Every structure is written in C-alpha cells, then in structure tokens.
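The following exercises concern a single protein model. Each task is followed by a worked solution.

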Amino acid sequence: MAPLRMIVVAAVLSLAACSEKAPQITARDAAPVAPADAPAAAAPAQTSVLFRNVRIFNGVDPTLQAATDVLVRGNRIASIGPSDVSAAQPGMTIIDGGGRTLMPGLIDVHWHTLAVRPSIPVAMQAGTGYLNLLAGAEASDTLQRGFTTVRDLGGASFGLKRAIDEGWQAGPRIYPSGAIISVTGGHGDFRSPEELPRTLGSADSRMETMGDTAIADTPDEVRTRVREQLMRGASQIKLTAGGGVSSPHSPLDVVTFTPEELRAAVQGANNWGTYVTAHAYTPEAIRQSVEAGVQCIEHANLMDEATAQLLANRNVWLSIQPLPEELLRAFPPDSEEYAKGREVLTGTDRAYRLAKQYKLKTAFGTDVLFSAALARRQGELLASLTKWYTPAEALTMATSTNAQLLALSGKRNPYPGRLGVVEVGALADLLLVEGDPLSDIRIITRPQQNFRVIVKDGRIYKNTIR
C-alpha cells in the first residue's frame, strides 16, 4: 500500500501546486502545437493594409475628403495621405480603392447578441450551447453587414465576446452588459407565477441561471447584482427602470426600481469607473433614473417636452431606436405585448423630433429581437433615420457619436482606443464602400454588394476587390 499512498500524495500535491496562482488557460493555449518538422506557412501573417485612392468619410465631417491613401499597421491607422510604397511589403495587403469611399465601421449601441436570431419559444427553451452557436453565426453575419462594434444590452455574451477577441469566431467587438438587472415583475422578469414566492437563497430561475437576467428587490441586492456583472466583465450596467414590451408581467406605465435602488446601481457602476444605462419609456421612469445619476436612457419613446429638457439640462445620453413595424410580428396580434409595442411605435416620431429640438446627445441602435430576418435589415434601420436626419447626420451617429457613448465605460472599456473615426492612431475598423453613402444612404442597405472590403481591428474579413 505504501507505493499507492505515495502516488496519491504526489497527485494531491501536484493539484495543489497547480491551483495556486495558476494562469488562465485560453482556447488558443490549448490549440495543438505544430510538429518541429512542419512546413513553414506559405506567406507571413498580414500585418498591414494599404488603401490606395480612397475618398474618406472620417465619421465626423459631413463631406468626403479628396482621394488619398490610408495605411493600416497592426490594428491602428498609421497614416493618411499619399503613400510612397511602390510594392507590397512582407505581410502587407494593397487594395486599390478606385475612388471608392473609405469610412469607419458601423456601431450598433442597442444589440442583444444572444437574442437576435432565435424565436421567442427557442430563446425560452433551448440550451445555452445551441443559443451560443446561433449567436456565433449571427455575429459573423453582423460583421459582414459592416457593423464592427455592438453594445450588448442584456445577455450572457461574455463567452462569445472572448471567442471573437481571441480570433476563433468572426464577429463585431462586443461591449457586454451581462444580465439585465430587473425587479420582481419588472421588464426582464420572465418567471411564471408558479415560481413565486421568491426567497433568498433558493434556486434561480432559468433566465437567471443562464446569466441573461438578474432580479434585485432591495438596494443591497442591486449592489450585489451590479458587482456580479462587473466581476464577469461588463463594460456598463443595464437595468430596467420601467415597464417593457416583451416582458410578460410589466405594463408600460409602471416605475420599477425605487430611487434608493437606482442610486445603489449608479454607485456600484461609478465605483468601477463605468456607468448605468436604463431602459425607460415613460417620463416618470426617465425622470427618476436621471435624478438617481443614470447617464444614458434607452428608448424614451413616450417622453414629453419636460423630459427632453431634463435630459438636455443633465447632459444625459439618449439611446433611441427607429423601431420598425416588423418588430410587432414577434407577438400575437391579440396579445398584451402587441398592444404595448403598438403604443411604443406610435411615440417614436415625437421622441426623435424632441431629441432634435433639444439637441440631445443621441445614439443609434436597433434592438432587434427574435428575428433573423429583421437582423438582416440592420443597415435599413440605420438608413431609416433619414426621416429625421440627413444621411451625413445618420452615419455620423452610427460611427463617431456612438463611439463617444461607448467611451463612457472608462477603464472598463474592453477596447481602449478611438473607434468610429478614420484618423491617424484610431483603431482600424474600416469599410470600403461602393459609391458615396453621404449622397445616397441606401448604399448601406445592400452590404453584400456595396461593402467591398471590411476590416476590423486591422484584419481583413472581406475583400472583393480584384
């Protein structure tokens, strides 16, 4: 028995040694190592991209700049101006723009990475593995539509984000919020009445276990839920300050969190150097959120003039979406959810007009849910902003303006650097576009034909220039 005892002791000591300050093993670390005698790669990895003869929409100015060259080295824009490079250097790709438009990658600041493609029944019943595979497929398509960055406002997108960042999955940059924080019966509480009463320490509901929602009913619980999302890697905190359309238990008019609970969330986020964004449709839900220190309001379709003035006075961001009629198709026509959606859609036009009247800091998002077909029209939703804005204003909103909102995450920003602009030193997220989208924004509604080159983080994900 002595030899067996020694083997067991050695194994225990080995495990203990591994458990002390063991480095995190990534999927890339676990990749098989090529044998020493394996042939060398045919060509060095791409390290730079040179765009020749491109007209630039820089994400800020409302007109195109004169044709010039843009050099990308690594994941940054290295230079803008005539290049003296006569031939491709090792690891360089040269693309002749032929006078086409080079612009920043598009940004959608209200996206639900795991809830775009599945239907409502699938989202509520399928396993996490299946849902993540759907989300990965959708992420690849999102990038091919020219959206190189999204802000995920509710869902367990951390694993997908990591796979994208490590290069295993094509997709946009993801600014994750983690679980939507809600109150009992609020927007984000998808439990059935049979799952009540809720008791502390009991098993979580399915949506909580999956990490998509988190229920909090006191300031202390709110602090815990906020800290959990930050621990998981959230770049900002999302909570629901009022009723919602898709939630089964919350009428639109309800105000959910108390002022003390809202302040607890704001304090928790601010302590980590980031911010809270709050789902709110009605004036009362918006007002209470702003007075508690919330720095961004999602939706606000039912706001009035006093609410718009408050947002302007407090310099609070408005993240509003040009919601289409098609969103209502996710719900039966005779359902309460359909009726709530109809009320929200009716208020959209006035909300945008108030945003312009009071010069609010306004960001663009889509909030596509449960519809792969509608997701394919992401660019169309952006183009629909021309009901209220010029094409240049709409494209600026979806690039440099949205990037300013992302920067509110401060030190929790997972991608430090300038996004949404074509400037020296900015992160190289770029689209080479057939035609001039500032003159005809409909160009962006046909990404397959008109986005000839897509670059994210300095890497080419699409190139149809021959």
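Helices (H or I, at least four residues) and strands (E, at least two) are DSSP runs, numbered from the N terminus. The model is predicted, so local features need pLDDT of at least 70 and side-chain atom pairs pLDDT 80 or more, while totals for chains, interfaces and linings use all residues. Residues are numbered from 1 along each chain as its sequence is written, and side-chain values use heavy atoms, without hydrogens and water.

**Exercise 1.** Locate Lys387 and determine whether it is buried or exposed.

*Solution.* Step 1: Lys387 belongs to the loop between helix 12 (378–383) and helix 13. Step 2: buried means under 20% relative accessible area, exposed over 50%, and partly exposed in between (1.4 Å probe, protein chains only). Step 3: the relative accessible area of Lys387 is 54%, so Lys387 is exposed. Step 4: its C-alpha atom is separated by 8.9 Å from that of Asp349, 38 residues apart along the chain.

**Exercise 2.** Describe the surroundings of Thr113.

*Solution.* Step 1: Thr113 is found in the loop between strand 6 (106–111) and helix 2 (120–125). Step 2: Thr113 counts as buried because its relative accessibility is 5%. Step 3: contact means heavy atoms within 4.5 Å. Leaving aside neighbours within four places in sequence, Thr113 is in contact with residues including Ala135, Val150 and Ile174.
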